[in-house]
Amino acid sequence: MVPAPRPLPGPRWLLPSALTAELEAGRTGRSGRPRRTVRDWLVDFGCFLLAVGIGLLAADTVTGDPNTPHGVAVVDQVLGALACAAVWLRRRWPLGLAVAMLPVGLFSNTAGGAGMVALFTLAVHRPFPYLGWVGGTSLALVPFFFWLRPDPDLPYAAAVALTVLVTVSVVGWGMFVRSKRQLLLSLRDRARRAETEAELRAEQAQRLARESIAREMHDVLAHRLTLLSVHAGALEFRPDAPREEVARAAGVIRESAHEALQDLREIIGVLRASEGGDASGRPQPTLAALDTLVAESRDAGMKVVLHHLVTDPAGVPASVGRTAYRIAQEGLTNARKHAPGAEVTVSVAGAPGDGLTVSLRNPAPPGAVPPVPGSGQGLIGLTERATLAGGRLEHGPAEGGAFEVRAWLPWS
């Protein structure tokens with residue numbers, strides 16, 4: 001996506017139309033060419049007056065030269081007048097005008113000023129290959145011109161050297177003007193590319209934030225919703241269950257739904273905070289909340305064995321503890337979905353400097369388990385979460401058909 005061109009700072013009439021046409025869109029006339037600015041009209045009028053002035057001086061020289069016949073002088077002045085009038089076409093056909101000035105300038109002394117203006121225009125508006133051919137041809141014709149039309153006031157060598165010096169100066173000036181314009185255009189293109197890259201980086205940051213929030217929603221809500229599904233399924237397949245079990249299952253469903261709503265409010269609060277609002281909600285769970293998580297799973301009917309070997313869970317850094325909690329939560333959720341009825345062993349150990357190790361292991365399910373849609377996405381998110389925290393996570397089959405999730409997180 002390329003950003004729209006911005007209006008040029010300052011008065012536009014101070015810039016040439018060829019430059020404003022590149023920097024701004026929609027600045028063309030009916031013929032499709034850039035519309036002349038006030039500066040263009042002033043420059044064109046100045047070039048016309050310069051060509052006329054040089055032509056008048058050359059006309060006096062031709063008229064006062066006794067070696068020039070009267071008829072030749074008249075033709076010389078007529079060609080010079082036409083060349084001066086053609087200066088107004090220099091922006092439309094810079095190459096054609098410069099090429100036309102080569103034979104005209106060879107036979108007309110009064111067209112010398114118009115030829116210099118045409119050569120300067122070619123240097124400004126066309127690449128160097130065109131300028132090289134036309135300028136080189138013009139310089140090659142200089143000695144032949146003064147051999148054909150000797151200057152009455154200067155020696156042959158001096159006239160040739162002076163004309164060559166003026167031609168080279170005009171060409172160099174035109175190339176300098178063109179290089180300045182190209183530099184300005186390159187700076188504007190660089191600024192546009194920088195704006196485009198900044199927008200792309202902003203879009204990428206937004207996309208990464210959305211993905212992070214999506215992973216957080218999966219980690220937070222999957223555990224609660226799985227509890228709801230398990231107990232709702234139990235009520236559906238055991239309608240004759242004792243009243244106490246029905247009441248306990250309904251209480252777990254109610255509590256899980258309440259917790260899911262609370263978690264959803266927290267995530268929405270994060271979204272609002274990213275837009276400038278205030279996020280108010282419960283603190284994120286850390287390793288100290290692992291006992292509560294295991295208790296909730298046991299209430300849901302899971303067989304969970306917890307080996308909590310960290311003597312001071314509150315001393316674990318918040319980010320590390322939060323990641324460890326999410327790993328345990330996702331592992332219990334996966335065991336409940338893919339190995340219902342199997343006993344899950346949760347082990348947490350570590351110390352400052354050694355890192356924190358979290359492992360979950362469950363044997364193969366006792367019977368066939370139907371496939372669950374979206375399987376594996378949570379483990380992918382956990383692997384990325386552990387990597388971002390500076391640790392690592394491995395998961396896969398273990399000995400005896402068991403499944404194990406093992407993670408290591410840095411604890412400095």
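Modeller: One term before we start: buried means under 20% relative accessible area, exposed over 50%, and partly exposed in between, with a 1.4 Å probe and protein chains only. This is a predicted model, where local features need pLDDT of at least 70, side-chain atom pairs count only at pLDDT 80 or more, and totals for chains, interfaces and linings use all residues. Residues are numbered from 1 along each chain as its sequence is written, and side-chain values use heavy atoms, with hydrogens and water left out.

Biologist: What about tryptophan 41 and tryptophan 88?
Modeller: Their ring centres are 6.4 Å apart and the planes sit at 45°, so that pair is tilted. Tryptophan 41 is in helix α2 (residues 38-64), and tryptophan 88 is in the loop between α3 (70-86) and α4 (94-107), 47 residues apart. Helices here are DSSP runs of H or I, at least four residues, and strands are runs of E, at least two, numbered from the N terminus.

Biologist: Which residues make up the ring cluster?
Modeller: Trp41, Phe45, Phe48 and Trp88, linked by ring pairs.

Biologist: New topic. Where does α6 bend?
Modeller: At valine 142, by about 35°, and proline 143 follows within four residues. The bend is the angle between axes fitted to the seven residues ending there and the seven starting there.

Biologist: And which residues of α6 are buried?
Modeller: Leu131, Val134, Gly135, Ser138, Val142, Phe145 and Phe146.

Biologist: Now the strands. How do β1 and β2 run?
Modeller: Parallel: 6 bridges join β1 (residues 303-308) to β2 (residues 343-351). Strands pair if DSSP finds at least two bridges between them. In β2, valine 348 is the bridge partner of histidine 308.

Biologist: And β2 with β3?
Modeller: β2 and β3 (residues 355-362) are antiparallel, over 7 bridges. They form a hairpin with 3 residues between them, and glycine 353 in the turn has a positive phi of about 95°.

Key:
Phe/Tyr/Trp six-rings, centres within 6.5 Å; stacked < 30°, edge-to-face > 60°.
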